[in-house]
Amino acid sequence: MPPFPSSLLNPRLSFSLKPLFLFTQSSIAPQQFPVPRQLISAKPRNFSSVASVQTSATDNGGSSSGGGGRSGALSPPPVAEEFQRIDVNPPKGTRDFPPEDMRLRNWLFNHFREVSRLFGFEEVDYPVLESEALFIRKAGEEIRDQLYCFEDRGNRRVALRPELTPSLARLVIQKGKSLSLPLKWFAVGQCWRYERMTRGRRREHYQWNMDILGVPEVTAEAELISSIVTFFKRIGISESDVGFKVSSRKVLQEVLRCYSVPENLFGKVCIVIDKIEKIPIDEIKRELKATGLSEEAIEELLQVLSIKSLTKLEEILGGAGEAIADLKQLFSLAEKFGYSEWIQFDASVVRGLAYYTGIVFEGFDREGKLRAICGGGRYDRLLSTFGGDDIPACGFGFGDAVIVE
């Protein structure tokens, strides 16, 4: 077939189909389309190429005022708005997980899950966004100042969860009598707290929780500590690296009862005592006095809290109280579980969260360079604060930030 005669082409169309590369550099007039100085990048040719193509179209009749090219086929570029370079760092207290960090996180979380299942726990999860009231009713006064909270478009007060235990309580109440006791649940979830950052403390972190509901005996606490010890062993950490400080909230209750301290002050005193290793002792005394304790009660309380021997505590409080009986049983079970060398008595451990009622424990590094690795205890009266029926319960929270350190 002979070539299509170019003379039969519409002259205008023929002209508009001329290849762009035939236009020389001298025909380009970039000054007609000035580029804002703040938008000039490391590759200015991107802008000049746009100007080149646009000028070529104009020179060849592409404008609406004359010529025969298709009007608007190459329209002027939109006016670019000024912009500022964004901060490429994540918000303060949060972090990215590039591949190498994601591998570490997955490795850690896999051990959390494998140990939990090894001990017969089932996995659950809850919304990251919860009602603000869930965390200010009984979690602890300190958390009120650490919540990421706001009012949503439905005028509801909501918060990013700072911990998982209140969400657990909410779900248990929601399920009601359909649940079969005992419950053994675990979760690995993201939590948020607006607090001062130190080594191993972030405003956003992931937390491994294991909880047992429906078991009033100390065997529940013994099993929880055993699971954490198993986790440490699996990742290569020994009793020479970390240990557990163990005490009971009932010890503090018995001391305060001797000085007729009202029950409603108990939670406030616990929050102050939880700061013993974090702030100077004179400041501890001032804060205890502000709660309403007398000078005599403060001195006696601090003396008891300095005790590191269960035998010495028994000499002071006597052996008939529940606190001593529970602690003795726990140390006996630790011997049978095979981790007695991991735990030690420390009367100053009370945990800052208000809902604990009995034995409490904290994992710590023996060099003393880091904050608590994990912590937990018994919370038998948590559900009633949300309108439910109380169930014997205990559990722990284990953050990812400190263990990575």
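This is a predicted model: local features need pLDDT of at least 70, side-chain atom pairs count only at pLDDT 80 or more; totals for chains, interfaces and linings use all residues.
1. Ground rules first. Local features need pLDDT of at least 70 and side-chain atom pairs pLDDT 80 or more, while totals for chains, interfaces and linings use all residues. Numbering runs from 1 along each chain as its sequence is written, and side-chain values use heavy atoms, with hydrogens and water left out.

2. Aromatic pairs come to 19. Here rings of Phe, Tyr and Trp (its six-membered ring) pair if their centres lie within 6.5 Å, with planes under 30 degrees apart called stacked, over 60 edge-to-face and the rest tilted. Phe231 and Phe232 have ring centres 5.9 Å apart and planes at 50°, so they make a tilted pair. Both Phe231 and Phe232 are buried (under 20% relative accessible area with a 1.4 Å probe, protein chains only).

3. Phe231 also pairs with Phe398: the centres are 5.3 Å apart and the planes at 80°, so this one is edge-to-face. The pair links distant parts of the chain, with Phe231 in helix H7 (residues 219-234) and Phe398 in strand E11 (residues 393-399), 167 residues apart. Helices (H or I, at least four residues) and strands (E, at least two) are DSSP runs, numbered from the N terminus. Phe398 is buried, as is Phe231.

4. Which residues does Phe231 touch, not counting those up to four places away in sequence? They are Leu108, His111, Phe112, Val115, Trp208, Phe398 and Ile403, taking contact as heavy atoms within 4.5 Å.

5. Ring pairs join a cluster that includes Phe97, Phe109, Tyr206, Phe231, Trp342 and Phe396. Arg105 lies over the face of Phe97, 4.6 Å from the ring centre. Elsewhere on the list, the charged end of Arg203 sits over the ring of Tyr194, at 4.0 Å from its centre. The rule is NZ of Lys or CZ of Arg within 6 Å of the ring centre and within 35 degrees of the ring normal.

6. Finally, helix H9 (residues 266-273) is largely enclosed by the rest of the structure, because seven of its eight residues are buried. Phe266, Gly267 and Cys270 are among them.

Note on methods
Buried means under 20% relative accessible area, exposed over 50%, partly exposed in between (1.4 Å probe, protein chains only).
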